[in-house]
Amino acid sequence: MNEVCFKNLTKDQCYSLKTYEASGGYSVWRKILKGQLTPEHIIDELKVSGLRGRGGAGFPTGLKWSFMPRHSDGQKYVVCNSDEGEPGTCKDRDILRFNPHAVIEGMAIGGFVMNASVGYNYIRGEFMAPFYRFEDALKEAYEAGLLGQNINNSSVNFDLYTHLGAGAYICGEETALLESIEGKKGQPRFKPPFPANVGLFGKSTTINNTESFASVPEIINRGGQWFADVGVENSGGCKLFSVSGHVKNPANFEVPMGTPFKDLLKMAGGMRDGAQLKAVIPGGSSTPVLTAEVAMSMTMDYDGIEKAGSMLGAGSVIIMDESTCMVAVLTRLAHFYYDESCGQCTPCREGTGWLYRVLKRIIDGNGKQGDIDLLLGVQDKIMGNTICALGDAAAMPVESFLRNFRKEFEYYIKHGKSMVKG
Amino acid sequence: MISTGAKKQIDAWIAKYPKDRQSSAVMQALKIVQAENGNRLNADTIQAVADYLNMPGIAAQEVATFYENYNHKKVGKYVIRFCHNISCMLNGADDLIAHLENKLGVKTDEVTSDGLISVKKVECLGACVGAPMFQINDDYFENLTIDKIDKIVDNLK
Ligand SMILES: Cc1cc2nc3c(=O)[nH]c(=O)nc-3n(C[C@H](O)[C@H](O)[C@H](O)COP(=O)(O)O)c2cc1C
Ligand code: SF4
Ligand code: FES
C-alpha cells in the first residue's frame with residue numbers, strides 16, 4: 001500500500017523537495033537533463049507499465065503520449081487536470097498537498113517526451129491550500145535549477161505554471177478545461193480535432209490527470225514491468241481509491257489494482273455502527289451503482305468493476321448502508337448534473353432538467369404513475385447524443401439506480417414517502 | 001476601480017500566458033477585483049477588468065456569469081459554502097445545514113443582518129473523505145459536527 005503517489009505520506013514534511021529527493025525524486029528528470037534517457041524509452045516503459053489515465057476514462061497514458069506530433073514545428077503544451085470535481089473524488093487534492101513534486105516531475109517528463117516546453121496545471125478554484133502548496137513546490141523546483149530555460153545547460157526547456165479555476169465541474173472535461181485556460185466559458189469543444197493536434201491556444205496539447213502525471217516518475221524509476229506486476233492484467237500498478245460514505249474510517253488508499261472490494265472496505269474500517277452494506281458507487285457519481293452483493297465479490301480494477309456492471313472511473317468509492325434512501329441520493333445527483341450542464345447540447349441541457357424535475361416531484365410526494373418509464377426514456381435520449389461525456393454521466397446513474405432499486409422508486413411514487421426513511 | 005495592488009497581482013497572472021493571450025488571466029482578475037470590492041462583482045467592475053485585459057466587455061461578462069465562484073448579489077464578509085453532494089449528504093450534511101441556518105437566522109443565499117456571514121449550498125468540493133465539510137472563504141473545514149460548526153462560526157468576526 002502507498003507505494004507511488006502516496007509513497008512519502010507518513011514522512012516529515014512529505015511535500016518538501018528535500019523529502020522528495022531523499023526518496024529518489026527527480027532522479028528520472030536529472031537523467032533526462034544529462035541526456036541519458038530518450039523519449040522513445042520512456043514511452044515504451046509507460047506502455048509496458050499498463051498505466052491508464054486516472055482522470056476517469058482510463059486511456060493508456062503511454063499510447064496517448066505517443067500520439068503527440070513531437071517532431072512538428074510550433075509550441076506544444078502539457079496540461080495537468082487538477083480540476084477534481086466528480087462527486088466522491090478527492091485524491092488529487094491529497095497528491096497536490098502531500099506530493100506536489102511528483103506532479104511537477106511527471107509533467108516535466110511529459111514535456112520532454114512530447115517536446116512541449118510549457119506546462120499548465122489547472123487547479124480547481126476552491127483548492128486554495130493545495131494551490132499554495134503546489135506554488136511553493138514550483139518555487140523550490142525553480143530555485144533548485146530543475147525548471148526553466150536551458151536547464152543545467154542541457155538545452156532542455158520546461159516552464160510550468162498554475163491556472164486556477166472558478167467553480168465549474170464541466171471544466172474537468174479536457175477541452176472545456178482548455179477553453180477555460182484561454183479565459184473563456186468552460187464549454188467542451190467538438191472532437192475531432194483532438195487536443196494532440198489542436199489544443200491549447202490552437203497548439204498540440206496533451207492533458208492528463210494529476211494522479212497519472214504523479215505516477216510517471218516512479219514508473220520510469222522502477223521500470224514499467226515493476227508497475228505492471230503490482231497490478232493485474234489490463235490494469236497496471238496501484239491506484240488511489242477515495243473511500244467515502246458510511247464507513248468507519250473514510251480515507252484515500254493507494255492499493256494494487258485487483259484488490260478485492262471487501263478488503264478495501266475493511267481498510268476503511270468497515271461499515272459504521274455495524275450497519276449493513278446496501279449499495280456501492282465504485283468510481284464516482286457518474287458510474288453505475290451496484291448492489292452490496294455484487295460489490296462484495298468484485299475486484300478493484302478496470303475489468304473487475306466492468307464485470308460487476310460499473311466502471312472504475314476516478315476510483316471514488318461511495319459506500320451506502322441500509323439506511324440510505326436511494327430516491328434521495330439519485331435526486332441529489334440529478335440536481336448536480338442539471339446544475340453543471342454547460343447547456344450547449346439540447347439532450348443534455350433539457351434532459352438533465354427533466355430528470356431532476358421528475359425526481360424532485362417524486363421526492364416531494366407528487367410522483368405519477370409512469371414516472372419511472374419517463375425517467376428511463378429521458379436518460380436513453382441523452383445517452384450517446386451529446387458533445388461531451390457529461391450527458392452520459394448524468395444518464396448512467398439513473399438507469400442503474402432504477403434497475404437495482406426499482407422497488408424503492410415504485411414505493412415512493414405510490415405512497416409519497418420513502419420506503420427506507422418512512 | 002482596480003487598485004495598483006490588484007493590477008500588480010493581475011500582471012503576475014498575465015505573465016504566465018503567451019504574448020497577446022492576456023485574456024487567459026480574466027478568471028483570476030475577476031476574483032482579485034471581486035475580493036477588493038466587497039466580495040462581489042457588478043457591471044462596472046467587470047468592464048474595468050475587460051478594459052484592463054483589452055478584451056470585449058461581453059467576454060468578461062460571460063466568464064463572470066458562467067463560473068460559480070463569482071458573486072453578483074450581496075454576500076457576507078464570510079461565505080460559508082456547505083457541500084451537500086453525495087458523500088456529505090450521506091454523512092448528515094442536510095441536518096447540519098438546517099442547524100447552521102437556524103443558528104444564524106438566515107436561509108441559504110441570505111446574509112446575516114450584520115453583513116458578516118452568508119450561507120450557500122454547493123456541490124462536491126473534493127474533500128469527500130472528510131465529509132461533512134464546508135469552505136469559509138479560502139479554508140476547508142472537515143468532519144463537521146454541530147459542536148464544531150458552532151465553535152467555528154462563533155469565532156468569525
Ligand atoms: C464532465 C467531465 C468531468 C471530468 N472531470 C475530470 C476531472 O476533474 N479530472 C480529470 O482528471 N479528468 C476529468 N475528466 C476526464 C478528462 O476529460 C480527461 O479524460 C482526463 O483529464 C485525461 O487524463 P487521463 O488520461 O490522465 O485520465 C472529466 C470528464 C468529463 C466528461
Ligand atoms: S453534454 Fe452537457 S456538459 Fe457536455 S457539452 Fe453537451 S451540454 Fe455541455
Ligand atoms: S461530496 Fe462533499 S466534498 Fe465531495
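**Strands and sheet**

Q: How do you know that strand 1 and strand 4 of chain A pair?

A: Five bridges join strand 1 (residues 77-82) of chain A to strand 4 of chain A. The two run parallel. Pairing requires that DSSP finds at least two bridges between two strands, so five bridges meet the rule. Y77(A) stands opposite T205(A) in strand 4 of chain A.

Q: What kind of model is this, and what makes a run of residues a strand or a helix?

A: This is a predicted model: local features need pLDDT of at least 70, side-chain atom pairs count only at pLDDT 80 or more, and totals for chains, interfaces and linings use all residues. Residues are numbered from 1 along each chain as its sequence is written, chains are lettered from A and ligands numbered from 1 in the order in which they are written, and side-chain values use heavy atoms, with hydrogens and water left out. Helices (H or I, at least four residues) and strands (E, at least two) are DSSP runs, numbered from the N terminus.

Q: What makes strand 4 of chain A mostly covered?

A: Strand 4 spans residues 205-209 of chain A, and five of its five residues are buried. The scale uses a 1.4 Å probe and protein chains only: buried is under 20% relative accessible area, exposed is over 50%, and partly exposed lies in between. T205(A), I207(A) and N209(A) point one way from the strand, while T206(A) and N208(A) point the other way. In a regular strand, side chains alternate between the two faces of the sheet.

Q: What makes strand 6 and strand 9 of chain A edge strands?

A: The open sheet has five strands in the order 6-5-11-8-9 (chain A), with mixed pairing. Strand 6 and strand 9 (290-291) of chain A each pair on one side only. Strand 8 (residues 277-281) and strand 9 of chain A pair in the antiparallel sense over two bridges. V280(A) stands opposite L290(A) in strand 9.

**Interface**

Q: How do you know that chain A and chain B touch, and how much area do they bury?

A: Contact means heavy atoms within 4.5 Å. By that rule, 61 residues of chain A are in contact with 39 residues of chain B. The chains bury about 3,800 Å² between them, 57% of it on carbon and sulfur atoms. E126(A), A166(A) and R332(A) supply 18% of the area that chain A buries against chain B, more than any other three residues. Buried area is the accessible area (1.4 Å probe) that two parts lose on being put together, summed over both.

Q: What makes R332(A) and D94(B) a salt bridge?

A: Their side chains meet at 3.1 Å, N to O. The rule asks for a side-chain nitrogen of Lys or Arg within 4 Å of a carboxyl oxygen of Asp or Glu, so this pair qualifies. Across the interface of chain A and chain B, the rule finds five salt bridges. Over all chains, the structure holds 33.

Q: How many residue pairs are in polar contact between the chains, and what counts as one?

A: The count is 21 residue pairs, both residues at pLDDT 80 or more. On the side of chain A that touches chain B, helix 14 of chain A supplies the largest share, eight residues. That side divides into 29 nonpolar, 19 polar and 13 charged residues. A polar contact is a pair of N or O atoms within 3.5 Å; within protein, one must be able to donate a hydrogen and the other to accept it, and residues adjacent in sequence count only if both atoms are side-chain atoms. Ala, Val, Leu, Ile, Met, Phe, Trp, Tyr, Cys and Pro count as nonpolar, Asp, Glu, Lys and Arg as charged, and the others, Gly among them, as polar.

**Charged pairs**

Q: Why are E126(A) and R81(B) called buried?

A: E126(A) has 4% relative accessibility, so it falls in the buried class. R81(B) has 10%, so it does too. Their side chains form a salt bridge (3.8 Å, N to O). This pair crosses between chains, from the loop between strand 2 and helix 7 of chain A to strand 1 (residues 78-83) of chain B.

Q: Why do E218(A) and R222(A) get separate labels?

A: E218(A), with a relative accessible area of 9%, is buried. R222(A), with 40%, is partly exposed. Both lie in helix 9 of chain A, four residues apart, about one turn of the helix.
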